[in-house]
Amino acid sequence: MNDLVRLSSVGKLSTGIFRLHAGQILPDLVTLWQTQGKRRYQPSTKLTGIAELALAEAVTLIKPTAVWALKEFASGERTFPNADWRQTLSPAIPAELRDKVKGVIGVVCTIGGALDTCVRRRFAEGNKISAYLWDQIGTLAVPNLAQSLTDHLSTGYEVIRWAPGDAGLTLSQQRSLFDLVPAQRIGVYLSKKDIMTPVKSLSFGLFTGQNLAKRRCVIFCHDCAWQGACKVQNGNHDWI
């Protein structure tokens, strides 16, 4: 399943919802071991079986959904909802490219809360291995969802990816992003400390424009929440 639904298009603001089947974003066993720093690790047959079962069960618990909103700037406009664009978000853009940005796509994505609920239950029951594997599967699935949506939304655009908490931006920028994106439509909310619920959620933005060169990010891979899921990490395009 690959479902991209446009919710509305009013003036220069467009929004939509994106859904995938869980199987499209689950990590494989090799990736699951590699993220633990065990690139040459050969798990036992028993552990491999537990991991395979955890992946199969996760398919029924993960509900990949994202909501996005595209804000195109009018000529001379550099405004973001309820905030001054230059003061709020320009630190995320390389100085030489700031005048080339023509809009922003805000994204909030989640796999829902069912997996985390089951993880807590498994830990409480003492089934720590299964709980840990489920937690890692969810942690890897969210950025895979984010990359899938990025591929869809960036078609026909040149973009620069950024996220609240990136270099030059504080986590409080979640508020500005949520002002743009109707995250409540997919059941994602912010706490008073700007933390998203469900926990296995990810927010980011794509600055769009012309002559932005290749797709870029604003932080180094070791500081990124995407856990190596993006194409920057895989060497398919440049990054700052």
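This is a chat about a predicted model of one protein chain.

Visitor: Hi! How many helices and strands are there in the protein chain?

Guide: Hello! The protein chain has 6 helices and 11 strands. It holds 240 residues, and 49% of them are buried.

Visitor: And what share of the contacts is between residues 24 or more positions apart?

Guide: Among contacts with a separation of 6 or more, 73% join residues 24 or more positions apart.

Visitor: Which strands does β6 pair with?

Guide: β3, residues 65–72, is joined to β6 by 8 bridges, and the two run antiparallel. Strand β10, residues 201–209, is also antiparallel to β6, with 9 bridges between them.

Visitor: What about β2, how many bridges does it make with β3?

Guide: There are 7, and that pairing is antiparallel. A handy pair to display is Thr15 with its bridge partner Ala69 in β3. Strand β2, residues 13–20, is mostly covered, with 6 of its 8 residues buried.

Visitor: Changing topic: how many aromatic pairs are counted?

Guide: The count is 1 aromatic pair. Trp162 and Phe207 make it up, in a stacked arrangement with 5.4 Å centre to centre and 25 degrees between the planes.

Visitor: Which strands do Trp162 and Phe207 lie in?

Guide: Trp162 belongs to strand β7, residues 158–162, and Phe207 to strand β10, so the pair ties together parts that are 45 residues apart in sequence.

Visitor: Are those two buried or exposed?

Guide: Trp162 is buried at 0% relative accessibility. Phe207 is buried too, and its relative accessible area is 0%.

Visitor: Now helices. How many residues does α2 have?

Guide: Helix α2 has 17 residues, 45–61, and spans 25 Å from its first C-alpha to its last. That is close to the 24 Å expected at 1.5 Å a residue.

Visitor: Which residues of α2 are buried?

Guide: The buried ones are Leu47, Thr48, Ala51, Ala54, Leu55, Ala58 and Leu61. Looking down the axis of α2, you find these buried residues within an arc of 135 degrees, so they line one face of the helix.

Visitor: What do the buried residues pack against, and what does the face turned away carry?

Guide: They pack against α1 (29–34), α4 (114–125) and α5 (128–153). On the face turned away from the buried side, α2 carries the exposed residues Thr45, Lys46 and Thr60.

Visitor: I'm looking at Arg122. Where is its place, and is it buried or exposed?

Guide: Arg122 is in helix α4. With a relative accessibility of 15%, it falls under the 20% cut-off, so Arg122 counts as buried.

Visitor: Which residues does Arg122 touch?

Guide: Leaving out residues up to four places away in sequence, Arg122 touches Glu57, Asn127, Ser130, Ala131 and Trp134.

Visitor: Last topic, backbone geometry. Where is there a cis peptide bond?

Guide: Between Thr197 and Pro198, with omega about 0 degrees. Pro198 sits in the loop between β9 (196–197) and β10.

Visitor: And what is the phi of Asp194?

Guide: Asp194 has a positive phi of about 65 degrees, and it is not a glycine. Most residues other than glycine have a negative phi, and most peptide bonds are trans. You can find Asp194 in the loop between β8 (189–190) and β9. Asp194 is buried, at 11% relative accessible area.

Visitor: Great, thanks!

Definitions and conventions:
Residues numbered from 1 in each chain as written. Predicted model: local features only at pLDDT ≥ 70, side-chain atom pairs only at ≥ 80, totals over all residues. Heavy atoms only, no water. Pairing = 2+ DSSP bridges. Helix = DSSP H or I, 4+ residues; strand = E, 2+ residues; numbered from the N terminus. Phe/Tyr/Trp six-rings, centres within 6.5 Å; stacked < 30°, edge-to-face > 60°. Buried < 20%, exposed > 50% of the residue type's maximum accessible area, 1.4 Å probe, protein only. Expected span 1.5 Å × (residues − 1). Arc of directions from axis to C-beta. Contact = heavy atoms within 4.5 Å.
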